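Subject: Structure handover

Hello,

Here is the structure I promised you. My notes follow below it.

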Amino acid sequence: MDLSPHCKHFRSLGCNLNSIACKCVVLVIIALVVRAVLLPTYSSFNGTEQNKLVLVSNLSFSTLSGSTNFGIRKDKFLEVPQIVWGLNNQKIAFARGCLTARLMNRILLMPSLSASLFYKEFELLKPISFDKVFKFDKFNSLCDGYVQLGQYSDLKNQTGAFELQKGSGRRWTPERDLDQLKQHSKGPYDEHETIRIVGKNPFLWHDHWPVKDYAKVFECLVLVDEIMKEADKVVSRIREIGAEQVRRKSESAENSLLVEPVPYVAVHMRIELDWMIHCKNLERRLNITEICSSKEEIMERVGNIVGLKTPVVVYLAVADSLLQDPSILNGWKEGLVPFEKKKLGFDAQYKKFPYLIQSAIDYEVCLRADVFVGNSFSTFSSLIALDRTQKLIKMGVNSSCGVDVRWPTYAYNILGESKGPQKWMTNMSGSSLKAISYGSNQISC
């Protein structure tokens with residue numbers, strides 16, 4: 001390649017270069033031009049290397065995502081232990097796994113959930129694939145650029161995972177835990193295709209993320225069609241019964257024409273024996289009294305909800321052990337018509353499914369209720385409150401204090417207006433998920 005013509009241009013500009021120096025300068029310029037044309041340009045927050053990166057469009061609200069500024073790599077994975085316990089404990093554990101993968105700039109390998117509910121007998125746990133409960137592709141679509149799930153079939157090396165042992169005990173502080181994750185996000189550890197975290201259930205890992213980060217992951221979790229159809233059946237039956245109640249009360253044919261769906265109330269009624277033992281112990285340990293609520297207290301406070309129009313069906317989301325207790329259907333204020341899945345005629349249908357699926361159906365029924373009343377120390381109730389808070393925020397409602405809102409949520413364990421339950425909206429500015437994971441009586445409206 002003859003570079004002398006280019007050197008003439010430099011001489012005309014006053015550049016007195018010898019032949020070798022001129023050639024070097026021209027080569028550097030050509031190299032820079034080629035690089036600018038052929039390689040992608042990165043900004044400080046967005047950019048896509050097509051073969052190895054997924055665009056990061058919405059960075060974490062925390063400062064822990066510095067390592068993910070340039071995208072989620074497609075060729076690096078994180079594996080977490082089987083996720084266990086109740087539905088909502090599992091959702092939190094899953095979200096924590098996702099956010100850990102995000103911090104380490106890796107894709108989370110689709111984890112195994114637990115279909116059964118056992119707290120200590122791990123050999124009795126029945127694993128169930130994530131995509132049997134939630135939509136895999138929908139999750140990746142909704143969370144595109146934030147977190148991503150991968151399949152084990154995506155791995156090139158299926159046996160060469162690096163095992164990262166999670167610390168435990170009092171000396172294993174949140175600071176040490178975070179340092180460990182950051183350390184294994186770089187250097188020789190980062191060269192491994194897969195990092196496998198071993199040790200305790202992700203629900204028990206230290207929490208390094210604010211509520212908004214978790215909420216973003218929860219929004220991407222969509223139940224599979226089979227579960228949604230079962231929830232549709234329950235909700236339709238509840239509204240049918242509600243319509244019958246309204247028609248009976250109505251005295252004129254004009255008023256009996258129902259155009260809009262009839263509202264219903266859902267109550268997550270925690271009064272089963274193991275819960276009462278747990279909450280009494282918790283009250284003693286925390287030296288507070290607003291955790292446990294008796295059946296009578298729940299009935300009274302729900303009946304005192306200001307502005308609640310009657311007659312209205314009250315769906316009771318209760319543990320199976322309470323379905324044989326007819327007293328939960330007695331003692332409600334006039335106009336409140338209580339039903340649980342057995343009285344609705346769905347008990348046999350529920351029993352066709354494992355515990356996790358039953359819980360997911362109940363969650364969806366409670367989530368869709370026009371009014372939801374739960375316990376602020378229950379993870380089930382707390383995540384429903386979070387979901388419903390997100391709905392209100394999207395409608396431009398940031399507070400339900402002193403105003404009527406669509407989809408109000410209440411905590412019956414805390415005394416509110418007119419001896420009713422306390423109005424409840426999740427504090428979305430929380431620096432961690434502690435209040436949701438373990439409960440709190442410091443709730444806001």
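How do the residues of the lining of the second largest pocket divide into nonpolar, polar and charged? They divide into 20 nonpolar, 7 polar and 9 charged. Here Ala, Val, Leu, Ile, Met, Phe, Trp, Tyr, Cys and Pro count as nonpolar, Asp, Glu, Lys and Arg as charged, and the others, Gly among them, as polar.

First, the ground rules. This is a predicted model: local features need pLDDT of at least 70, side-chain atom pairs count only at pLDDT 80 or more, and totals for chains, interfaces and linings use all residues. Residues are numbered from 1 along each chain as its sequence is written, and side-chain values use heavy atoms, with hydrogens and water left out.

Overall picture

The protein has 14 helices and 15 strands. These are DSSP runs numbered from the N terminus (helices H or I, at least four residues; strands E, at least two). Of its 445 residues, 51% count as buried. Buried means under 20% relative accessible area, exposed over 50%, partly exposed in between (1.4 Å probe, protein chains only).

The sheet

An open sheet is built from 6 strands, in the order β12-β11-β10-β13-β14-β15, with mixed pairing. Two strands pair if DSSP finds at least two bridges between them. At the edges are β12 (336-339) and β15 (421-423), each pairing on one side only. From one strand to the next, the twist averages 30°.

β11 (residues 312-317) pairs with β12 in the parallel sense over 4 bridges. Val312 has Leu336 in β12 as its bridge partner. Leu336 and Pro338 point one way from β12, and Val337 and Phe339 point the other way. All are buried.

Helix α12 (residues 355-368) packs on the sheet and touches β10, β11 and β13. Its direction makes about 150° with that of β11. Helix α9 (residues 295-303) lies across β10 (264-268), β12, β13 (371-374), β14 (409-415) and β15. It runs at about 130° to β14. Axes are lines fitted to C-alpha atoms, for helices over the stretch in contact, and angles run from 0 to 180 degrees between N-to-C directions. Contact means heavy atoms within 4.5 Å.

Pocket and cavity

The second largest pocket holds about 930 Å³ of space. Its lining has 36 residues, of which Pro263, Gly307, Leu308, Lys309 and Val371 lie nearest its centre. α7 (225-249), β10 and β15 each supply at least two residues of that lining.

The search covers a 1 Å grid over the protein atoms alone. A pocket is an open set of points with protein on both sides within 12 Å along at least five of seven lines. In a cavity, a 1.4 Å probe fits but cannot get out. Lining residues have an atom within 4 Å of a point. Points are joined across faces, edges and corners, and a volume is the space filled by probe spheres set on them.

The whole structure has 1 cavity of 30 Å³ or more. About 40 Å³ of space lies in the largest cavity. Helix α3 (residues 87-103) gives the most to its lining, with 3 residues.

Asp190

Asp190 is found in the loop between α5 (174-183) and β9 (194-198). It counts as buried because its relative accessibility is 14%.

Best wishes
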